[in-house]
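Here is a quick briefing on charge pairs, ring pairs and a charged patch. Have a look at the structure first, then read on.

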Amino acid sequence: MELDNPSNPDPTDHSRRQFLKRTGGATALAAVGTSGTTTAVMDDSGRFEEDPYSLGVASGDPLPDSVVLWTRLAPNPIEKGGGMPRKKVPVRWKIASTEDMASVEKAGVVFAKPEHAHSVHVDVTGLDPDTEYYYQFTAAGHRSPVGRTKTAPAPDASPEEFRFAFASCQSWDSGFYTAYDHMAADDLDLVVHLGDYIYEYGIGPNGGARDTAVPQAYRSQTETLDRYRLQYSLYKSDPDLRAAHASAPWLVTRDDHEVDNNWAGDVPQDPDKQTREAFLERRAAAFTAYYEHMPFRQAQMPDDSSQKLYRNFTFGDLAEFNVLDTRQYRTDQACDDAFNVVDCTERFDENRTILGDAQEQWLVDNLAASNATWDVLANQVPMASMDFEEGPEEGYRTDQWDGYVADRNTVLEAFEQHVSNPVVVTGDFHANFATNLKREFDDPDSETVGTEFVATSISSGGDGTDMDDFGRQVTSDNENVKYYNNQRGYVRCTLTPDQWWTDYRVVDYVTRPGAPIRTDASFVVDDGNPGV
């Protein structure tokens with residue numbers, strides 16, 4: 001979703017919060033100053049003179065017997081190349097059953113290579129299911145912070161509870177990532193990030209709401225590989241984001257701003273300013289940097305301008321997650337990509353797609369084969385129909401599923417035919433929504449076949465407010481919309497065999513640090529009874 005002003009842009013005695021605070025450290029800006037100048041990063045004995053783990057550690061894509069561990073060596077993260085020499089560096093890793101790293105279960109060595117921005121992705125196998133682990137890296141005399149991760153339950157297991165949170169949209173210069181500090185203390189089994197991890201816009205000299213001097217290299221729009229790497233480095237320098245990554249395994253998927261606002265397939269936001277060939281070159285650079293900075297397996301490594309992000313994860317018989325990609329395979333938005341367009345018949349075209357044929361069939365097949373109590377779609381843009389035109393006329397935003405009605409009908413039909421408890425978790429909108437998914441979008445009395453929870457942004461859009469005129473219009477004109485809130489935060493979910501419990505966690509401000517958090521609203525979905 002476009003910003004308003006894009007051009008200026010527990011085995012120990014310690015508490016979870018204390019553990020996570022120990023994974024922090026100085027931000028990148030504090031660590032290297034604001035000049036962006038290079039200092040010597042290694043002494044004569046080959047040891048780092050600055051902390052190479054300025055971007056933290058992370059884990060992701062948990063399976064019952066494996067998890068991916070990630071870090072990137074970057075002693076000077078906000079300069080080109082991260083301050084690293086143009087050579088490969090050995091990185092030792094270990095994973096243990098205790099936070100003090102005394103009970104090592106697995107260990108090994110990988111190489112951080114310059115062609116991959118000195119990032120490493122370790123797929124640790126042979127682990128026990130549904131088990132909490134801790135991990136750490138060592139390179140050139142420096143140990144990383146300790147991260148916490150957890151494997152998925154075995155496919156035939158029947159977990160009594162599963163706790164996860166989801167979030168999206170974290171414009172660095174729009175505000176502080178305070179919500180992540182609170183999320184990190186939630187002792188979660190999983191974190192799901194639904195896109196807009198970075199924004200491609202240039203950043204002003206004072207860092208927007210953060211009021212922090214930012215080097216000249218960040219002024220330009222993000223289009224090249226070096227520039228995307230710089231943007232990720234700045235974003236990941238935030239200590240609250242690093243703490244959340246270190247607190248639990250993540251599932252991540254991309255939306256638009258990791259590449260270009262509202263891009264669709266091979267079509268950029270402004271086709272008249274960028275040829276298809278130039279955009280695909282930019283997309284390839286964006287995909288590469290995204291892979292380098294996320295805890296992905298080898299299967300997610302890009303092939304030029306293609307990257308397979310849709311994938312499936314099970315957590316015993318309690319939950320199955322289908323992670324979607326609604327950008328790479330979609331047709332261009334209908335009716336000139338309008339936010340609120342009336343009488344857009346183009347959006348009903350059967351040939352229009354937001355998933356692409358292969359991903360759509362994959363999703364339908366997964367839903368048909370699922371035996372999980374809760375079938376979750378990790379999805380970028382709102383799926384529920386939402387009329388944004390006040391009064392009797394109807395107006396719809398064509399960047400979301402309202403612009404791709406045929407694909408939505410296919411998914412809703414699969415919900416109706418194959419699964420008992422479909423739940424869609426969504427980002428993008430910079431506002432909280434709780435909505436019912438109706439089989440017939442234009443008939444409020446039609447059957448409810450699923451539930452959608454939309455998370456607000458972490459920081460994008462600034463402080464926000466509890467309710468505004470837009471929220472009053474949407475809740476008034478859309479009977480399926482049961483809740484709206486326009487503050488920043490994240491959504492926390494607790495799943496049991498009988499019930500899904502959702503908490504909307506919000507902070508009152510992000511334009512200064514340290515906001516407390518509260519639960520603004522909670523919703524329940526009962527097993528076998530879709531809807532809130």
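A salt bridge here is a side-chain nitrogen of Lys or Arg within 4 Å of a carboxyl oxygen of Asp or Glu. What you have is a predicted model, where local features need pLDDT of at least 70, side-chain atom pairs count only at pLDDT 80 or more, and totals for chains, interfaces and linings use all residues. Residues are numbered from 1 along each chain as its sequence is written, and side-chain values use heavy atoms, with hydrogens and water left out.

**Salt bridges**

- The salt-bridge count comes to 26.
- Arginine 297 counts as buried because its relative accessibility is 12%, while aspartate 123, at 38%, is partly exposed.
- For a local example, take arginine 229 and aspartate 226, at 3.9 Å: both sit in helix H4, three residues apart, about one turn of the helix.

**Aromatic pairs**

- Searching the whole structure turns up 34 aromatic pairs. Rings of Phe, Tyr and Trp (its six-membered ring) pair if their centres lie within 6.5 Å; planes under 30 degrees apart are stacked, over 60 edge-to-face, and the rest tilted.
- Phenylalanine 339 and phenylalanine 388 are stacked, with 5.1 Å between centres and 15 degrees between planes. Both lie in loops, 49 residues apart.
- Phenylalanine 388 is buried at 5% relative accessibility, whereas phenylalanine 339 is partly exposed at 35%.
- Tyrosine 483 and tyrosine 504 make a tilted pair, because their planes are at 50 degrees, with centres 4.7 Å apart. The pair ties strand E21 to strand E22, and both tyrosines are buried.
- These two tyrosines belong to a cluster linked by ring pairs, whose members include Phe162, Trp374 and Trp500.

**Surface charge**

- Glu394, Glu440, Asp442, Asp443, Asp445 and Glu479 gather in a negative surface patch. Patch residues have over 30% relative accessible area and no salt bridge, with like charges joined within 9 Å.
- Aspartate 443 sits in the loop between strands E18 and E19.

Definitions and conventions. Patches are made of residues with over 30% relative accessible area and no salt bridge: like charges are joined within 9 Å, nonpolar side chains (Val, Leu, Ile, Met, Phe, Trp, Tyr) within 5 Å. Accessible areas come from the Shrake-Rupley method with a 1.4 Å probe; for residues, only the protein chains shown count as cover. Lys and Arg count as positive and Asp and Glu as negative; His and the chain ends are not counted. The place of a charge is taken as NZ of Lys, CZ of Arg, CG of Asp or CD of Glu. Helices (H or I, at least four residues) and strands (E, at least two) are DSSP runs, numbered from the N terminus. Buried means under 20% relative accessible area, exposed over 50%, partly exposed in between (1.4 Å probe, protein chains only).
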